[in-house]
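Reader: I would like to go through the labels used for this structure and hear what each one rests on.

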Amino acid sequence: MKRYYHFILITAVFFTACKKLDVTPPDKLSTGIFWKTSGDADLALTGLYSTLTAANGQITAYAPMWWENFSDNSYSQNNQGGAQQSLIAGLTPTIGGFPTSNDQSLYITSYKGIAAANSFLANVGKVLEGDKLNQYKGEASFLRAFHYFMLAQTYGNVPLLTDDPLTLDFKTKVTKSPRADILKLVESDLDAAIAGLPDAKYTTGHAVKASAQGLKVRVFMFEKKYAEAAVLAKAIIDGGLFSLNSNYAGNFYKPDQRSSPEIMFSVQFQAPAVPHDFAITTAIIGAGYKDLQGTQNMIDEYEAGDARKTMTFFFPGDTPAQGWPYPGTVGTPGVNNWTRGFYPGKKWLDPKNVDPQPGMLDDQDYVWLRYADVKLMYAEAQNETAGPDASVYQQVNEVRARPGVALAALPAGLNQGDMRERIRHERRVEFALEGLRYFDLRRWGIAQQKLNGFVQNPLTPNIKTIYRPQFDYWPLPQIEVDRNAPVLIQNDNY
């Protein structure tokens, strides 16, 4: 880690700050010309959020849709993020992509964000005070918690670093901390964020109190702290600041995203100043790409009449009337990289974009937390704590009854196990192509059951995916283990 950590200091900590760092002597970094005014805090805070938009080739680990390809929901024919290779060949410490790539892995990108947050938290008190200081520290704490939680749920035990990176001795090698210690810091950071952030609707891209509360509910669910999760999720619901969007599809493209009452945290873009470096529209549906194709197993999960199915995937025969983005054509399996046996993704596509080609600009925000998730996490946590009481039914049924979806209420009299399966079903169809399925399978302890031997395409039944028990936590990038040998030890069974 030590080599890229030095890289972080130069290129990531304040890479949007537009100020030159004073480097005197040349082997030391100084904040001597920074942290002089409150404007420096604004620039540095922008830099923190920009760690979530940094480019990693065509795609980034902070774009939630690409995590779906590690699950049974969808398929990446061009191995975006290393997902297809991870499923077909199995995870290894050198597989590349999101797991272990030098420039693309979640591990590397997360520590860049953590370094930036650590430096911000160590220095922002020099130029701010009072409520504004508490809010800015709350935002930095939220972002650090976001990065560390992604690491903890993906890799397990990882290095725990909280010091200002400008004070570190880069000759010192780093070792892992127990996952419990990482999660303890995550919870502490989220408590600081909850205390410092405004109790307001989410509008500007800056985290608010409910953003931190919602992420903490997600942490509690990962830790199986169901009682605590239910209490906190109920507090968000009772707060009344958020509601389900009457336009389900509008959560995933502009301008609807910016007015959605449902979005609680997202990574925001704005073309032409801040577009995606490579259009996600092109990667999802472009000729020669189509790297988010639903599996038949995913399609079969939908109930009859569930409108979310056709709002999430394209089907053979679709025309521009159904959102097909190529005027004068009909969606046809086997044509322009539509792989027979799969269903191209539709969610996240801006219906105003037609004939997507490489080089186009798009700017859909990456939605990481929706109010529907809070409602279904409450239902799951309450069901695990107290069984399927009336409040569990209420939250699930309200998600199902959203305008434009309008599914029938769940049948009365479900036992706890039946309700558990109903909630898991609802999460799968509600959040399809949003990056939650892979992490849900792992925290439920059923990833091996669902993914080992899974046939992605019924037309090629001999091609099956591999999922071994150790895959519940990814291997650390081998290059980082080697750099920090002998103190940084590879995860077990890799």
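Reader: Why are α8 and α9 called roughly antiparallel?

Author: In this predicted model, the axes of α8 (residues 209-222) and α9 (residues 226-239) cross at roughly 160°. Angles over 145 degrees count as roughly antiparallel, so α8 and α9 are given that label. Their axes come within 8 Å, and α8 passes α9 in a left-handed crossing.

Reader: Which residues of α8 and α9 meet?

Author: Contact means heavy atoms within 4.5 Å. On the α8 side the residues are Ala210, Gln213, Gly214, Lys216, Val217, Phe220 and Met221. They meet Tyr226, Glu228, Ala229, Leu232, Ala233 and Ile236 of α9. An α-helix has 3.6 residues a turn, so residues three or four places apart point the same way.

Reader: What makes α5 roughly antiparallel to α6?

Author: The axes of α5 (residues 106-123) and α6 (residues 130-155) cross at roughly 155° and come within 9 Å. That angle is over the cut-off of 145 degrees, so α5 is roughly antiparallel to α6. Here too the crossing is left-handed, with α5 passing α6. Among the residues in contact are Tyr107, Ile114 and Leu121 of α5, and Tyr136, Arg144 and Leu151 of α6.

Reader: How do you know that the length of α14 agrees with that of a helix of 16 residues?

Author: At 1.5 Å a residue, the 16 residues of α14 (residues 371-386) should span 22 Å. The end C-alpha atoms of α14 are 22 Å apart, so the two values agree. Just after α14, Gly387 takes a positive phi of about 90°.

Reader: Why is α14 described as largely enclosed?

Author: A residue is buried if its relative accessible area is under 20%. In α14, 13 of the 16 residues are buried, so the rest of the structure largely encloses this helix.

Reader: What makes β2 and β5 a pair of strands?

Author: Two strands pair if there are at least two bridges between them. β2 (residues 263-267) and β5 have four bridges, in the antiparallel sense. In β5, Val367 is the bridge partner of Ser266, and Tyr366 is the bridge partner of Val267.

Reader: What makes β2 and β5 mostly covered?

Author: The burial cut-off is again under 20% relative accessible area. Five of the five residues of β5 (residues 366-370) are buried. For β2, five of five residues are likewise buried. Both strands are described as mostly covered on that count.

Definitions and conventions:
Residues numbered from 1 in each chain as written. Predicted model: local features only at pLDDT ≥ 70, side-chain atom pairs only at ≥ 80, totals over all residues. Heavy atoms only, no water. Helix = DSSP H or I, 4+ residues; strand = E, 2+ residues; numbered from the N terminus. Expected span 1.5 Å × (residues − 1). Buried < 20%, exposed > 50% of the residue type's maximum accessible area, 1.4 Å probe, protein only. Axes fitted to C-alpha atoms, helices over the stretch in contact; angles between N-to-C directions. Parallel < 35°, antiparallel > 145°, perpendicular 65-115°, else oblique. Left-handed = near helix turned anticlockwise from the far one by under 90°.
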